[in-house]
Amino acid sequence: MPMTAPGRFVLTGGHGVGKSSLIRALEARGEAVAYEAAQDVRLRLEAEGVPFPADRDDFESLCLALHRQREERARTWGKRVFLDRGAPDHLVYAELGHWPLSSEEIEYCLAARYDAVFLVLPHERTAATMTKSETVFSERLTRALREMYAERLGMVVHEVPPGTLAQRVRWVLDLCTNAR
């Protein structure tokens, strides 16, 4: 039986590596999860008539604001929570992209701390479904996320190896149980 002690565990990584599938599988096993904010922000803005939401200068700020709401709400749940990306991910996106963050937003991202950080590595299907430019960006993003969490923030980063979804879920649950 998975341990249910409170804790916040981040799943991070490049695009198309299986983070969202892993989050959904954890949720299906009864784990508390907080979903990534960017897609919800993009969909909301498109519904409001904004044709290219990610072209807005404040796009990453809007994503961080929603992430922050979700993360702060998750603290009140009193149980273990898996986050689809952590606050520092938003700073990485801001630095790699064209989205400025305020000094307060940067400070919030740099102050974030988690019980464990899981960097989801690509699997065989990732390379088969992505274009060359998507693969290059995903690899660049993975390097930047590893650097952010490990080097800049001094957190231990556990690299989730390729494998089946069930293997990855077991691997994450075993490690986060031992991380407490």
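**Charged residues in a predicted model**

Glu-46 and Arg-42 are paired in a salt bridge whose closest N and O atoms are 3.1 Å apart. The model that contains this pair is predicted. Both residues belong to helix H2, and because they are four residues apart there, about one helical turn separates them. Glu-46 counts as partly exposed, since its relative accessibility is 35%. Arg-42 is likewise partly exposed, with a relative accessible area of 30%. Side chains of opposite charge can pair when their charged atoms come close.

Before further pairs are examined, the chain as a whole deserves a description. The protein chain has eight helices and five strands, and from the N terminus on these elements follow the order β-α-β-α-α-β-α-α-β-α-α-β-α. The radius of gyration is 16 Å, which agrees with the value near 16 Å that a compact globule of 180 residues would have. Along its principal axes, the C-alpha trace spans about 45 × 40 × 35 Å. Of the 180 residues, 45% are buried. The accessible surface comes to about 9,200 Å², and carbon and sulfur atoms account for 53% of that area. Among contacts between residues at least 6 apart in sequence, 80% join residues at least 24 apart.

The structure holds 13 salt bridges. One of them joins Glu-36 to Arg-85, with the closest N and O atoms 2.9 Å apart. This pair links distant parts of the chain: Glu-36 is in the loop between strand S2 (32-34) and helix H2 (38-47), whereas Arg-85 is in the loop between S3 and helix H4 (87-96), and the two are 49 residues apart. Glu-36 counts as partly exposed because its relative accessibility is 22%, while Arg-85, at 2%, counts as buried.

A further salt bridge joins the side chains of Arg-70 and Asp-40, with an N to O distance of 2.4 Å. Arg-70 lies in helix H3 (residues 59-74) and Asp-40 in helix H2, so this pair ties together parts that are 30 residues apart in sequence. The relative accessibility of Arg-70 is 16%, and the residue therefore counts as buried. Asp-40, with a relative accessible area of 33%, is partly exposed. Elsewhere, Arg-8, Glu-71 and Arg-75 are linked in a network of salt bridges.

Asp-84, in strand S3 (residues 80-84), is buried yet has no salt bridge. The nearest side chain of opposite charge is that of Arg-85, 5.0 Å away, beyond the 4 Å limit for a salt bridge. Arg-85 is instead found in the salt bridge with Glu-36 described above. The side chain of Asp-84 does make a polar contact, at 3.3 Å, with the side chain of Ser-20. Leaving aside neighbours within four places in sequence, Asp-84 is in contact with Leu-11, Lys-19, Ser-20, Ile-23, Ala-34, Tyr-35 and Glu-36.

Glu-105, which lies in helix H5 (residues 103-111), is also buried and without a salt bridge. For this residue, the nearest side chain of opposite charge is that of Arg-68, at 6.6 Å. A polar contact of 3.1 Å joins the side chain of Glu-105 to that of Ser-61. Once neighbours within four places in sequence are set aside, Glu-105 is in contact with Ser-61 and Leu-64.

Notes. Residues numbered from 1 in each chain as written. Predicted model: local features only at pLDDT ≥ 70, side-chain atom pairs only at ≥ 80, totals over all residues. Heavy atoms only, no water. Buried < 20%, exposed > 50% of the residue type's maximum accessible area, 1.4 Å probe, protein only. Lys, Arg positive; Asp, Glu negative; His and termini not counted. Polar contact = N/O pair within 3.5 Å; in protein donor to acceptor, adjacent residues only side chain to side chain. Contact = heavy atoms within 4.5 Å. Rg over C-alpha atoms; globule rule 2.2 N^0.38 Å. Areas by Shrake-Rupley, 256 points an atom, 1.4 Å probe, with all protein chains shown as cover.
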